[in-house]
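Here is a short note to go with the model. Please read the points with the structure open.

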Amino acid sequence: MRLCLCRRLAIAAFVSYFLGSVQTLAQNAYITNDGSGNVSVIGTATNTVIATITVGIAPFAEAVSPDGGMVYVANIDSDNVSVIDTATNQVIATITVGNSPEGVAISPHGSTVYVANQHSNNVSVIAMATNEVIATIPVGSEPGGVAVTPDGSKVYVANSLSNTVSAIATATNTVIATIPVGANPFGVAVTPDGSKVYVANAGFGTNTVSAIATATNRVTATIPVGSQPGGVAVTPDGSKVYVANWASNNVSAIDTATNKVIATIAVGSEPFGVAVTPDGCKVYVANGASSNVSVIDTATNTVTAAITVGSGPVALGVFIRPSFAGTRGSSNCHG
């Protein structure tokens, strides 16, 4: 009987631990609310706000660490970065960076954070182990969006007023290429195989996305989208790119095989940030003037939910936490 009881207790403990782990490792979306000075945490399983976290002034961009344990939030008007522990949804550190940090990305190895400082015209490099700035890299004029290649070897930074993208070698923290793109480039995303970078050109009359080949650091395609595109995200299987068009109130879905728009999806007012869940099933879009988030089903490219958040949601960057460390690719989204 004692052995049986011990086994039962062990099983109960395991089940309790497992259920707790599933809850802890949920695919939560972290939405920066520029006007509220906080971050709304959305549980993607229920599409409800489960927490609200106070950060700095005018939080704009953010990035979730590859293991899902930390979120780094760039606060434009505080000139700093808030570090959120996702286990507790509490701010555990505040890091001073350059003037008006507007973009942030984390290396795939989870060791380094790159922050684009709009009015300092540089990128701050933060060591995650210490949450200290270890290098500052000059780039173009008014850098915004940032993305790191999957192998961690390069960082791509969109320079809005230079109409260029800076390619940085992470081994030396130096710019190795400056790539001309369209007017006022902002959002940046890299395909999962590391072969292409997609950059949204938000300038009036431009309204395009540039596709850059990472092997040559040259533009290989220019794709017309909606008016004033901002945020860009690539699906985990690399088949589609989603672009939030701020002035068109819609999202363009691009087929990466053809670099053609295959769908245009109406969302809320002034959409900017966009991210895909790690299972590839849903796209979350932050609508700044609607103070909500649209949820798009990637199988049908239709909006299935709208979630009210704080004032002026922006959410530039990778803002959805992975379910489990290292999980990428597609799954059966609909059972």
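1. A cut-off comes before anything else. A residue counts as buried when its relative accessible area is under 20%, and as exposed when that value is over 50%. Ser 65 has a relative accessibility of 2%, so Ser 65 is buried. Please keep in mind that the model is predicted.

2. Where does Ser 65 lie? Its place is the loop between strand S4 (59-64) and strand S5 (70-75). Setting aside residues up to four places away in sequence, Ser 65 touches Met 70, Ile 106, Met 128 and Pro 322.

3. The side chain of Ser 65 also has a polar atom worth checking on screen. That atom is 3.2 Å from the backbone nitrogen of Gly 69.

4. Now the chain as a whole. It has 335 residues, and 58% of them count as buried. The secondary structure comprises 1 helix and 28 strands. The accessible surface is about 13,300 Å², with 54% of it belonging to carbon and sulfur atoms. Take the contacts between residues at least 6 apart in sequence: 42% of these join residues at least 24 apart.

5. Strand S18 (residues 208-213) pairs with S19 over 6 bridges, in the antiparallel sense.

6. Arg 218 belongs to strand S19 (residues 218-224). Is Arg 218 buried or exposed? Its relative accessible area is 59%, so Arg 218 is exposed. The cut-off for that class is over 50%.

7. What does Arg 218 contact? Neighbours within four places in sequence aside, Arg 218 is in contact with Ala 211, Ile 212 and Ala 213. A further distance can be checked from Arg 218. Lys 196 is 22 residues away in sequence, and the two C-alpha atoms are 9.8 Å apart.

8. Ser 65 is buried at 2% relative accessibility, whereas Arg 218 is exposed at 59%.

How values were computed: Residues are numbered from 1 along each chain as its sequence is written. This is a predicted model: local features need pLDDT of at least 70, side-chain atom pairs count only at pLDDT 80 or more; totals for chains, interfaces and linings use all residues. Side-chain values use heavy atoms; hydrogens and water are left out. Helices (H or I, at least four residues) and strands (E, at least two) are DSSP runs, numbered from the N terminus. Buried means under 20% relative accessible area, exposed over 50%, partly exposed in between (1.4 Å probe, protein chains only). Contact means heavy atoms within 4.5 Å. A polar contact is a pair of N or O atoms within 3.5 Å; within protein, one must be able to donate a hydrogen and the other to accept it, and residues adjacent in sequence count only if both atoms are side-chain atoms. Two strands pair if DSSP finds at least two bridges between them. Accessible areas come from the Shrake-Rupley method with a 1.4 Å probe; for residues, only the protein chains shown count as cover.
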